[in-house]
Amino acid sequence: MSGEPEVHEEFEARLKAYVGLPAAATGVGRDLVNEPMIRHWCEAMGDTSPAYTGPDAIAPPTMLQAWTMAGLTRRPERTAAYDELLTLLDESGHDAVVATDCEQDYLRPLRPGDRITFDSVIESVSGRKTTRLGTGYFVTTRTDVRAGGELAGTHRFRILKYAPAQRPSRPVERRPRPVVNRDNAGFWEGVARHELLIQRCTACRTLRFPWLPGCNGCGSPDWVTVAASGEGTVYSYVVMHHPPFPAFEPPYAVGLIDLAEGVRVVSNVVGVPYDKVRIGMPVRLEFRRYDEELELPVFQGVGP
């Protein structure tokens, strides 16, 4: 519905009717607890604890949620009840979302080889709250994580579903200018000619994007350019709602585009509603002018 979000006691009673219902049922971790993921996590976090290496290694406790994640695919264990709750909030005008916090309790260590199972419940839905972002409702889910059938930890995750606050109008601002330097000047010269240029190493013929002064594969500094055909698919995407940026009108979709040539580029997905963008959607390159100085490569959704 449009206009002021629906707010009354009956509506809040409908929301709270979902408390206690499952949000995810009989979930199974996509991978066993394993050493490579533990190593990557420790490297990313800079954690050098000896407890996470060697024959008696355990997984860092803060990895608890990592073992339940579904990756880029939709979680098959997610329930209709949780989808209905989110749809009810969306349709009442509370269609923006932000993750606010999480809480974790660790009951036993996880070790390489553990098979993870989990279930989630809608633990609470708050009353109407007003924040700087807007007015909405906090939804908390609790996930019980098990290893070999034994409870290993719990993970509480809280989001705010809200109607964005109205902000005073601001004068039209120009988009930020790209930083052009000696390493990427050729790319922007190609854009001016309506070409999306990809670098190709002359030594090992590896394609690379974004532009770099040397090849990541063999280290050669020599390269030539290849013009992309313009065909691609959406590999991943995010819809930007908040925070607002000057010269950008949210919501809009930003995609990681898998080009036919085998490299990926980040750009706007245009020509389709932001909420219709999907992973695997075919797209085609076009060039869009934003002001008298700035023209950028974007990707138009194609097909149904």
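Predicted model: local features only at pLDDT ≥ 70, side-chain atom pairs only at ≥ 80, totals over all residues.
## Overall make-up

The protein has 304 residues, and buried residues make up 36% of them. Its secondary structure comes to 4 helices and 14 strands, and its C-alpha atoms fill a box of roughly 60 × 60 × 35 Å when this is taken along the principal axes.

A further way to describe the fold is to ask how far apart in sequence the contacting residues lie. Among contacts between residues at least 6 apart in sequence, 65% join residues at least 24 apart.

## Helix 2 and the loop after it

Helix 2 covers residues 35-45, and at its start a side-chain oxygen of Asn34 reaches to within 2.9 Å of the backbone nitrogen of Met37. Just after helix 2 comes Gly46, which takes a positive phi of about 70 degrees.

The loop between helix 2 and helix 3 holds Ala66. Ala66 has a relative accessible area of 19%, and because buried means under 20%, this residue counts as buried. When its neighbours within four places in sequence are left aside, Ala66 is in contact with Met37 and Trp41. Ala66 and Cys201, by contrast, are 135 residues apart in sequence, and their C-alpha atoms are 36 Å apart in space.

## Helix 3 and its buried side

Within helix 3, the residues Ala81, Tyr82, Leu85, Leu86, Leu88 and Leu89 are buried. These residues lie on the same side of helix 3 because they cover an arc of only 155 degrees around the axis.

Which elements cover the buried residues of helix 3? The cover includes helix 1, strand 1, strand 3, strand 5 and strand 6. The face of helix 3 that is turned away from its buried side carries Ala80 and Glu91, which are exposed. Helix 3 is followed by Gly93, and the phi of Gly93 is positive, near 100 degrees.

## Lys161 in strand 6

Strand 6 runs through residues 150-164 and includes Lys161. Is Lys161 buried or exposed? Its relative accessibility is 6%, and therefore Lys161 counts as buried.

The side chain of Lys161 makes a polar contact, at 2.4 Å, with the side chain of Asp90. If neighbours within four places in sequence are left aside, the residues in contact with Lys161 include Leu86, Leu89 and Asp90, and among the others are His94, Asp95, Ala96 and Val97, together with Gly136 and Tyr137.

Another part of the model is a closed barrel of 5 strands, which runs in the order 10-11-12-14-13 and has mixed pairing. From one strand to the next, the twist averages 50 degrees. Strand 13, at residues 282-289, and strand 14, at residues 295-301, run antiparallel and are joined by 7 bridges. Within this pair, Leu285 stands opposite Phe299 in strand 14.

Helix 4, which spans residues 185-192, packs on the sheet and touches both strand 13 and strand 14. The direction of helix 4 makes about 65 degrees with that of strand 14.

Terms used: Residues numbered from 1 in each chain as written. Heavy atoms only, no water. Helix = DSSP H or I, 4+ residues; strand = E, 2+ residues; numbered from the N terminus. Buried < 20%, exposed > 50% of the residue type's maximum accessible area, 1.4 Å probe, protein only. Polar contact = N/O pair within 3.5 Å; in protein donor to acceptor, adjacent residues only side chain to side chain. Contact = heavy atoms within 4.5 Å. Arc of directions from axis to C-beta. Pairing = 2+ DSSP bridges. Axes fitted to C-alpha atoms, helices over the stretch in contact; angles between N-to-C directions.
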